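This briefing is intended to be read alongside the sequence and the coordinates. The points below are grouped by topic.

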Amino acid sequence: MLKIENLQARIEEKEILKGINLDIKPGEIHAIMGPNGSGKSTLASVLAGRADYEVTGGSVEFLGKDLLELSPEDRSREGLFLAFQYPVEIPGVSTTNFIKTAVNEKRKYQGEEPLDAAQFLRIMKEKMNLVEINQSLLSRSLNEGFSGGEKKRNEIFQMAMLEPKLAILDETDSGLDIDALRIVANGVNQLRSKDNAFLVVTHYQRLLDYIVPDFVHVLYNGRIVKSGTKELALELEERGYDFIKSEADQAV
Amino acid sequence: MQEENEDILEQITTSEYKYGFVTDIEADEAPKGLSEETVRFISAKKNEPEWMLEYRLKAYRHWLTMEEPTWANLHYPSINYQDVIYYSAPKQKVSLSSLDEIDPELRSTFEKLGISLDEQKRLSGVAVDAVMDSVSVATTFKEELSKVGVIFCSMSEAVKEHPELIKKYLGSVVPATDNFFTALNSAVFSDGSFCFIPKGVRCPMELSTYFRINAANTGQFERTLIVAEESSYVSYLEGCTAPMRDENQLHAAVVEIVAMEKAEVKYSTVQNWYPGDKEGKGGIYNFVTKRGICAGDHSKISWTQVETGSSITWKYPSVILKGDYSIAEFYSVAVTNNFQQADTGTKMVHLGKNTRSRIVSKGISAGKSQNSYRGLVSVAKNADNARNFSQCDSMLLGDKCGAHTFPYIEVKNNTAQVEHEATTSKIGEDQIFYCNQRGLDTETAVALIINGFAKEVMNQLPMEFAVEAQKLLAISLEGSVG
Ligand SMILES: Nc1ncnc2c1ncn2[C@@H]1O[C@H](COP(=O)(O)OP(=O)(O)OP(=O)(O)O)[C@@H](O)[C@H]1O
Ligand SMILES: [Mg+2]
């Protein structure tokens, strides 16, 4: 589904991704861990097509297409979703209005009729239950004045509405209380199928108790320096990153 | 509302001004230039009574002694007032016995603009006065309105049919001598709408006037007068468009509103005169004086405007709060793009006791445009407990445009409470990227963010106008980002 080969990217002359290789197949969940500043969010942004980053090498194939050739909006319409580490506020635009526009843009891209009010409402109700989010929050201006946890939950709600093929969750667990964490994880698990995949960026093993990954990768200094199964996350929790850092630093 | 919002965003396809066509229709025109002759010509064309001609001539003579104002933050080459045609009327039968007799070319012009002069097809609940160049072409639903005593007709007709009302109220809120452009308008105004709501009547439908400039080199000088008697209510809408032409055209209108005790008048404008092209060529010079008076106690006037057109806008819809407990509101969205310049705002003049006013202004600048808010809140010595709240927000798209705020406050009574808040923001790249990531292209994202920014004002518009206005905001800003 997603094949990243030797991906390199920089921002303002600063080399951040230094050759990433990653292969994600339908139905899989991959977790990415790694110290602060290692390039996790950068990877997510580059995949989503943020213009600030310049791709200086490598390739990314997404569902048979050259992802790097697509505009950010087309990447989204092709089924790539990014739950932002820091969701953005848009005053005066309700989440409902926003997500309806998004859903219909995607439908238009796929040659489908826009949803009418009744259809939209039915789907929305269903997804609201899934992530246990209430109407009053969705009627408010998008993310404006939302608590940290509400913002994250809102991201997952939008993900549920858009039913992406590949969802990248960038630290969606940070700032969530225990109940919210369970709700978010539960939402992800229910949306999980053999046809879609998840790339979960997190600092905490805790999330991975709920969303069980098939693979865990450690990103350090712009490279994936170690990959393994869910046991790797447990080991990191116990030992910290130092052992990996020194291994990696020696290798270079 | 929400669905419509999205439909609108979908409908946006091109960034061209879509009302820029010209109707090929024979016109009856005055010779170029302004003189006593011109004034007499216009008055004669309209078969006006002597008193009306006198009013015009007096205004004209006064105008000769005045100078064009230069205090606004507007820069444009000086206007040659002798190079303008002051009267142009599409030729059609002098008096129509029914709406069916309207020239088909005219009818289709208005159809193209989305204004049906056919009562059956018309949106229920809106009566229209359609004005092309210097004359009113048709007024719909007159009969239905007259059943409840509401007068809604062209100004020309009102001068003949209701001289006592016109004599009493014309110029009572905006005297001919008020400023350079009101003197000019009072001398040469050609048509416009008159509307009178009698005591205790709630006008059963929205009233609207649709102004269209068609002829070349012609100025439009319309005049609108609304009188709401005690305890009456009316909601009034005004829309306008013009063809795309390389030369600038002059528009100098005057609108007056009188609200008696407990009366309420809601006046909404969607101003979409041709803004000129991307290089700043052409466009309407829009110099407008709009003023209302809350003459009676507990009366209310609210102005809502969505200004997207014109190359130059000079406009300050104002309210004199004379009656005790009267209320005034000004809600404005002004969008400027390319080389447009707008200097717009309001004056709230508190004279009565316990009066309240509210100003919400949203300025959006893009391209190389300049957008200024200019507002005055004044509280007179005897206006105890006056309250004003002003909120002026500016949004910038790009870094070659300008937003300016000039709030003036004059308070002569120490019980007054006057509050002013102002913000300036930019559409963030992170906001746009967030939208892109959800599948919205940049134009759609900008339209959405702008409509969100302007929401408080847009919510004030009557339904029929809100949809068009949202579309307009999006269209006016196309091509300004990314
Ligand atoms: N605009 C920028 N200019 C310069 N450096 C930047 C810019 N944006 C990001 N960086 C740098 O790129 C590096 C990678 O940042 P990134 O946000 O991808 O890290 P991260 O792995 O997501 O960290 P965290 O765990 O703290 O979220 C950091 O050193 C960061 O300072
Ligand atoms: Mg990060």
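A residue is called buried under 20% relative accessible area, exposed over 50%, and partly exposed in between. The structure discussed here is a predicted model.

**Magnesium site**

- The magnesium ion (ligand 2) is coordinated by OG of Ser41(A) and OE1 of Gln85(A), at 2.0 to 2.3 Å.
- These two residues bring together distant parts of the chain, being 44 residues apart: Ser41(A) belongs to helix 1 (residues 40-48) of chain A, while Gln85(A) sits in the loop between strand 6 (80-83) and strand 7 (90-94) of chain A.
- Ser41(A) counts as partly exposed because its relative accessibility is 25%.
- Gln85(A) has 17% relative accessibility and therefore counts as buried.

**Contact between chain A and chain B**

- Chain A contributes 37 residues to the contact and chain B contributes 23 residues.
- About 2,600 Å² is buried between chain A and chain B, with 58% of that area on carbon and sulfur atoms.
- One salt bridge is counted between chain A and chain B; in a salt bridge, the side chains of Arg438(B) and Glu155(A) meet at 2.6 Å, N to O.
- Eleven residue pairs are in polar contact between chain A and chain B, with both residues at pLDDT 80 or more.
- On the side of chain A that touches chain B, at least two residues each are supplied by helix 1, helix 2 (72-77), strand 6, strand 7, helix 3 (95-109) and helix 6 (148-162) of chain A.
- Helix 3 of chain A provides the largest share of that side, nine residues.
- By class, the side of chain A that touches chain B comprises 17 nonpolar, eleven polar and nine charged residues.

**Surroundings of Asp177(A)**

- Asp177(A) lies in the loop between strand 9 (166-170) and helix 7 (178-191) of chain A.
- The side chain of Asp177(A) reaches the backbone nitrogen of Ala180(A) at 2.7 Å.
- Asp177(A) and Gly149(A) are separated by 28 residues in sequence and by 7.4 Å in space, C-alpha to C-alpha.

**Helix 9 of chain B**

- Helix 9 (residues 429-437) of chain B is largely enclosed by the rest of the structure, because seven of its nine residues are buried.
- The buried residues in helix 9 of chain B are Gln431(B), Ile432(B), Phe433(B), Tyr434(B), Cys435(B), Asn436(B) and Gln437(B).

Terms used:
Residues numbered from 1 in each chain as written. Chains lettered and ligands numbered in written order. Predicted model: local features only at pLDDT ≥ 70, side-chain atom pairs only at ≥ 80, totals over all residues. Heavy atoms only, no water. Donors = N, O, S within 2.8 Å, 3.2 Å for Na, K, Ca; no water. Helix = DSSP H or I, 4+ residues; strand = E, 2+ residues; numbered from the N terminus. Buried < 20%, exposed > 50% of the residue type's maximum accessible area, 1.4 Å probe, protein only. Contact = heavy atoms within 4.5 Å. Buried area = accessible area lost by both parts, 1.4 Å probe. Salt bridge = Lys/Arg side-chain N within 4 Å of Asp/Glu carboxyl O. Polar contact = N/O pair within 3.5 Å; in protein donor to acceptor, adjacent residues only side chain to side chain. Nonpolar A, V, L, I, M, F, W, Y, C, P; charged D, E, K, R; others polar.
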